[in-house]
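Student: Hey, can you walk me through this one? I'm new to it.

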Amino acid sequence: MAHDEAAHALESEARVYTNGGSGESLGLDEDGLKALRVALAAWRIGPVAESERKMPPRQKKFTTWSGIEVPDVATPADKRTHYKADLGLPGEYPFTRGVQPTMYRGKLWTMRMFAGFGTPEQTNERFKYLLAEGQTGLSTAFDFPTLMGYDSDSPRSLGEVGMCGVAVDTLRDMEVLFDGIPLDKVTTSMTINGPAIVLLAFYIALADKRGIPRNRIGGTVQNDCLKEFIAQHAWLVPPRPAMRVVTDMIEFCSREVPRWNTVSISGYHIREAGATAAQELAFTIADGLAYVESCLARGLDVDEFAPRLSFFFDVHNDFFEEIAKFRAARRMWARFLRERYGARKAESLKLRTHAQTAGVSLTAQQPYNNVVRVSLQALAAVLGGTQSLHTNSLDETYALPTEDAVTIALRTQQIIAHESGVANTIDPLGGSYFVEWMTDRIEAEALDYIRRIDEMGGMVAAVEKGYPQREIAAAAYRFQREVEEGERQIVGVNRYVASEEKNIPLLKIDETVQRTQCENLAKVKAGRSQEDVRQALAQVREAARGSTNLMPSIIKAASVYCTEQEICDVLREVMGTHSDPAEF
């Protein structure tokens with residue numbers, strides 16, 4: 001009886017909301033919000049409770065992929081948005097709704113498929129194939145020896161040359177890799193971190209050799225040393241010297257190569273290591289703040305370099321959580337740059353991002369399911385407002401993608417762009433009660449992490465203490481336990497498991513790649529001036545020991561065909577090496 005009386009009282013008060021008829025009764029003022037909350041309470045103890053008695057909820061708790069508990073329904077009572085302060089118009093502060101006024105109505109996102117395997121000749125063929133199929137930017141994957149700063153003829157490289165990306169040892173390899181590709185017309189992204197300064201020097205030296213002005217080449221080098229120490233573990237020198245190298249690159253390119261994005265601040269690998277969406281957002285933004293502070297300490301003006309800092313985010317399985325993450329990231333970055341660092345230019349406040357569908361979400365079981373996963377993730381990236389997108393191929397849990405698989409992945413983006421209609425309006429989910437609630441929730445969690453990092457003295461100090469590494473490891477453990485206990489369901493893995501798996505075509509890398517690459521490297525070494533090499537490496541050593549910007553001396557070394565390892569060995573010799581402290 002008491003329950004019925006309470007429900008009747010709530011229903012009476014709720015009429016203010018449901019029958020008010022005025023614009024104010026929509027929940028946009030205090031009285032309307034109060035009436036809405038009453039109506040919601042009546043709805044939950046009335047129709048919802050009755051429905052759940054007949055049809056119990058299909059699970060105990062509804063959460064995002066990262067574990068955020070989501071409301072049964074979102075309404076204006078969950079968030080009272082201050083439109084100008086929290087959302088704004090597209091292309092205007094705080095850029096929640098997008099960094100460009102017209103977004104995809106003016107220009108579609110760059111479709112940048114990751115490519116790289118075997119020799120530079122083989123990858124050059126794949127580049128040209130993808131450009132012919134409609135790709136609009138190049139993205140280069142390097143093999144593991146190159147990522148670690150070792151040449152193909154190093155004993156450490158045995159069995160790895162060309163296996164997970166393309167092998168690049170000298171300027172000669174860069175010449176072959178981009179043969180027939182106009183560097184002043186196609187932007188190039190290079191996924192390289194510790195030795196990023198060397199690979200960028202190779203690229204600039206190639207442009208110099210072709211007579212292309214440095215201010216006309218454009219692209220991005222990942223160059224995010226902090227996320228290497230946090231998540232991916234492919235570093236060259238310890239954290240503080242690594243920050244010096246990154247800062248040298250930012251300083252040099254802001255003046256000499258103004259169209260180049262000098263750092264792609266990467267949450268992708270943080271998420272792939274097991275982080276939640278909020279952790280990915282927090283640690284990525286905190287990494288970016290650390291680079292800003294390093295440049296300010298160098299004496300650079302924030303508006304001189306901030307416009308060429310870019311970002312790289314993962315797009316995971318939870319559709320709305322990922323969309324909200326992109327929107328929160330733009331708002332957070334704009335506010336930090338304006339309020340903490342005093343940036344004045346609008347371009348300095350814009351978080352421009354590349355995105356990649358979640359490699360860790362792909363399954364070896366029932367691999368054709370990956371096409372569906374990638375499609376949904378790509379759609380989330382577009383609805384979230386990315387500027388550039390890579391879609392993973394269905395076979396990447398087994399090997400580097402085949403030509404057919406990478407074509408399907410590219411076609412996925414093209415269908416979204418040209419057939420779905422989602423690119424026709426700007427931020428189509430803006431104003432959704434649930435999306436705005438989720439945007440706020442992820443932002444709040446991320447800001448709490450950043451507050452703790454600030455208290456530790458910033459991201460470099462936090463990395464040295466192992467804080468983000470421990471947080472990610474704990475999140476990864478929680479998620480894996482949920483999967484193994486069946487709380488988190490993955491189709492084909494712990495739900496709807498097939499009795500037998502079908503084989504799919506795989507790309508096989510010819511094991512003669514290492515021999516071919518080493519033979520080519522030997523020819524380069526035999527044909528270069530040894531005295532020029534000696535002098536160039538001495539100049540790199542002198543710059544590394546002092547405070548002179550490293551970029552000019554490394555570009556010079558690249559131009560006389562010093563190898564990647566020869567240059568990296570000088571940096572390791574002067575700056576030292578790093579071992580990750582064990583954390584259990």
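Predicted model: local features only at pLDDT ≥ 70, side-chain atom pairs only at ≥ 80, totals over all residues.

Student: OK, at what angle do α13 and α17 cross?
Tutor: Roughly 50°, with the axes of α13 (residues 319-340) and α17 (residues 433-456) coming within 8 Å. That makes α13 oblique to α17. Helices here are DSSP runs of H or I, at least four residues, and strands are runs of E, at least two.

Student: Left-handed or right-handed crossing?
Tutor: α13 passes α17 in a right-handed crossing.

Student: Which residues meet there?
Tutor: Among them are Phe320, Ile323 and Arg327 in α13, and Phe434, Met438 and Ile442 in α17 (contact means heavy atoms within 4.5 Å). By class, the contact of α13 with α17 has 13 nonpolar, 1 polar and 10 charged residues.

Student: New topic: how much space is in the second largest pocket?
Tutor: About 1100 Å³. A pocket is an open set of points on a 1 Å grid where a 1.4 Å probe fits, with protein on both sides within 12 Å along at least five of seven lines, and lining residues have an atom within 4 Å of a point.

Student: What lines the second largest pocket?
Tutor: It has 31 lining residues, and the closest to its centre are Gln59, Thr63, Trp65, Arg488 and Gln489. Helix α15 (369-384) gives the most to that lining, with 5 residues. The lining divides into 13 nonpolar, 9 polar and 9 charged residues.

Student: And the loop between α3 and β1, what sits there?
Tutor: Proline 94 lies in that loop, between α3 (83-87) and β1 (110-111). A cis peptide bond joins tyrosine 93 and proline 94, with omega about 5°. Methionine 103 has its place in that loop too, and its phi is near 45°, a positive value in a residue other than glycine.

Student: Last one: how do α21 and α22 cross?
Tutor: The axes of α21 (residues 530-545) and α22 (residues 551-559) come within 9 Å and cross at roughly 165°. That makes α21 roughly antiparallel to α22 (angles over 145 degrees count as such).

Definitions and conventions:
Residues numbered from 1 in each chain as written. Heavy atoms only, no water. Axes fitted to C-alpha atoms, helices over the stretch in contact; angles between N-to-C directions. Parallel < 35°, antiparallel > 145°, perpendicular 65-115°, else oblique. Left-handed = near helix turned anticlockwise from the far one by under 90°. Nonpolar A, V, L, I, M, F, W, Y, C, P; charged D, E, K, R; others polar. Points joined across faces, edges and corners; volume = space filled by probe spheres on them.
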